[in-house]
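Let's go through this one together, a question at a time. Here is what we'll be looking at.

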Amino acid sequence: MNDTFLRACRGEDVEYTPVWIMRQAGRYLPEYQKVRAGVDFLTLCKTPELAAEVTLQPVDILGVDAAILFSDILIPLEAMGMKLRFHENKGPVLGNPVRGAGDVERLRVPEPLESVPFVLETIRILRKALSGKVPLIGFAGAPFTLATYMIEGGGSKNFINTKALMYREPEVFHSLMRKITDTTIAYLSSQIEAGAHAVQVFDSWAGALAPDDYAVNSLPYVKETVKALRPFGVPVIYFVNNCGGLLEQARASGADVIGIDWRVDIGEAVKRLGGKVSVQGNLDPCALFSSVDVLRLKVEDILKKGRTARGHVFNLGHGILPQTRPDMARALVDIVHELSRN
Ligand code: CP3
């Protein structure tokens with residue numbers, strides 16, 4: 001197996017810098033659109049043969065160094081008792097938002113084998129299909145990021161309901177975080193047991209928090225999650241979107257790799273993270289709308305600065321955008337490999 005990605009996560013020697021792309025299986029690929037034309041998004045997530053098929057597409061088409069399970073961070077919330085729907089072009093809606101103590105009490109901490117067997121089956125199919133190719137990344141949302149969807153009832157700009165609950169009824173907020181964290185630990189453990197070689201925890205909205213609020217309302221639950229996964233011995237990646245004000249704290253998460261967005265210089269991020277973690281990132285997803293020449297220069301700069309870290313996994317600073325041309329994504333993978341070879 002090409003284990004370059006796993007070695008970079010652990011800070012071991014590599015022949016070149018491994019690369020994968022957040023949201024690498026998705027709407028920018030015509031091959032994905034073709035599968036998706038026949039089923040809605042949730043059905044795709046819940047049909048292991050199809051979910052495995054779209055997981056493999058970017059591995060074959062782009063030549064990335066890791067596959068990431070095709071699913072969504074919101075899938076386990078349905079098992080907790082949330083009513084989840086995805087509206088075409090409008091994003092997710094959770095129909096029964098959590099706004100008080102009674103709402104939290106009604107939530108379950110589901111058993112993964114019973115509630116999300118399709119996720120575990122997808123992983124088993126992928127482990128067979130990928131043998132000899134690249135490692136498989138499992139994932140979950142970070143507890144705070146999941147809480148924002150549960151409390152807001154979907155996406156949000158200012159997270160008013162989330163922060164109001166956090167400030168006005170902290171004990172209710174923390175009892176919700178308790179249930180989400182227990183769910184997430186069980187969920188990620190079951191993914192690893194089913195065969196995931198590494199896991200990524202997506203804290204997509206951590207950067208909406210002031211540093212002192214992050215310290216109390218997100219980080220402790222991430223730390224607990226990472227610690228619970230340690231016995232499995234697989235690399236844990238903690239992606240912190242809008243991480244600029246949070247890097248020194250994120251290094252205390254205990255994760256092997258910190259994933260960073262593009263708003264921070266990766267060289268500075270490495271310094272602020274210290275020598276004990278690898279770094280993942282951090283090209284602006286919009287750089288794929290430039291030219292191959294501009295892309296080369298930007299990749300070169302990130303690779304140079306990434307070399308100062310214990311290990312570097314190349315990635316975008318957030319998910320690839322649906323409007324991206326697949327040939328530019330492919331060019332990115334080729335350029336990273338070519339320029340980083342010793
Ligand atoms: O990376 C991959 O290729 C694996 C699959 C994956 C998806 N979502 C598929 C998806 C992963 C890892 C995610 C994570 C996810 N989902 C996050 C964290 C990462 C991030 O972007 O910050 C979040 C916040 C979500 C929630 C979510 N799912 C939103 C807000 C939306 C709608 C908006 C959007 O970007 O499309 C989704 C839908 C979704 N998840 C799609 C895909 C391919 C599009 C669904 C479609 O085919 O119509």
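Q: Is R23 buried or exposed?
A: First, some ground rules: this is a predicted model, where local features need pLDDT of at least 70, side-chain atom pairs count only at pLDDT 80 or more, and totals for chains, interfaces and linings use all residues. Residues are numbered from 1 along each chain as its sequence is written, and side-chain values use heavy atoms, with hydrogens and water left out. Buried means under 20% relative accessible area, exposed over 50% and partly exposed in between (1.4 Å probe, protein chains only). R23 comes in at 55% relative accessibility, so it counts as exposed.

Q: What is the phi of R23 near?
A: Most residues other than glycine have a negative phi. R23 has a positive value in a residue other than glycine, and its phi is near 65°.

Q: Where does N242 lie, and how does its relative accessible area class it?
A: N242 is found in the loop between β6 (236-240) and α14 (247-250); helices (H or I, at least four residues) and strands (E, at least two) are DSSP runs, numbered from the N terminus. Its relative accessible area is 35%, so N242 is partly exposed.

Q: Why is helix α9 said to be largely enclosed by the rest of the structure?
A: Look at α9 (residues 143-152), where the buried residues include F144, Y149 and E152. The helix is largely enclosed because the buried residues number ten of the ten.

Q: Which peptide bond is cis, with omega near -10°?
A: Most peptide bonds are trans. The bond with omega near -10° runs from G281 to N282.

Q: Which side chain has a polar atom 2.5 Å from an oxygen atom of the ligand?
A: Polar contacts here are pairs of N or O atoms within 3.5 Å; within protein, one must be able to donate a hydrogen and the other to accept it, and residues adjacent in sequence count only if both atoms are side-chain atoms. A backbone N or O atom of Q24 lies 3.2 Å from a ligand oxygen, and a side-chain N or O atom of H318 is 2.6 Å from one. The side chain with a polar atom at 2.5 Å is that of S204.

Q: How many nonpolar residues does the shell around the ligand have?
A: For the classes, Ala, Val, Leu, Ile, Met, Phe, Trp, Tyr, Cys and Pro count as nonpolar, Asp, Glu, Lys and Arg as charged, and the others, Gly among them, as polar. The shell has five polar and four charged residues, and its nonpolar residues number 13.
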